[in-house]
Amino acid sequence: MVNIKGRWVLVTGAARGIGYLTSLFLAEQGANLILHSRKPEHTEKVLSEVKALGVEAYAVSAELSDLEAVEKMLAEIDAL
């Protein structure tokens, strides 16, 4: 596997299902994460879990079908 320790990864749908499990796996591999969900409160659990694994992580939110919301989210990510 490619070494991803210290790299940044954006995980969409990080609050549940495959996105949630992917977030945990990536954090275990040492990747820093930007966790996306439609609402900020949805990522609270996974955000605390991945931070407990010793990586940097931030939560962002946007409805991906709304271009204006996506642009705002991307600007927020750029400001991190």
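What radius of gyration does the protein chain have, and what would a compact globule of 80 residues have?

## Overall size

The protein chain has a radius of gyration of 12 Å, which agrees with the value near 12 Å for a compact globule of 80 residues. This radius is taken over C-alpha atoms, and the globule rule is 2.2 Å times the number of residues to the power 0.38. Along its principal axes, the C-alpha trace spans about 35 × 25 × 20 Å.

This is a predicted model: local features need pLDDT of at least 70, side-chain atom pairs count only at pLDDT 80 or more, and totals for chains, interfaces and linings use all residues. Residues are numbered from 1 along each chain as its sequence is written, and side-chain values use heavy atoms, without hydrogens and water.

## Order of elements

The protein chain has three helices and three strands. From the N terminus on, they run β-α-β-α-β-α. Helices (H or I, at least four residues) and strands (E, at least two) are DSSP runs, numbered from the N terminus.

## The sheet

Strands of a sheet pair through backbone hydrogen bonds, either parallel or antiparallel. Here three strands form an open sheet in the order S1-S2-S3, with parallel pairing. Two strands pair if DSSP finds at least two bridges between them. Strands S1 (8-11) and S3 (57-61) stand at the edges with a single partner strand each, so one side of each has no neighbour in the sheet.

Five bridges join S2 (residues 32-37) to S3. Ser37 stands opposite Ser61 in S3.

## The helix pair

Helix H1 (residues 17-28) packs with helix H2 (residues 44-52) at an angle of about 15°, and their axes are 9 Å apart. H1 is therefore roughly parallel to H2 (angles under 35 degrees count as roughly parallel, over 145 as roughly antiparallel, 65 to 115 as roughly perpendicular and the rest as oblique). Axes are lines fitted to C-alpha atoms, for helices over the stretch in contact, and angles run from 0 to 180 degrees between N-to-C directions.

Tyr20, Ser23, Leu24 and Ala27 in H1 meet Lys45, Val46, Glu49 and Val50 in H2 (contact means heavy atoms within 4.5 Å). H2 also lies across S2 and S3, running at about 165° to S3.
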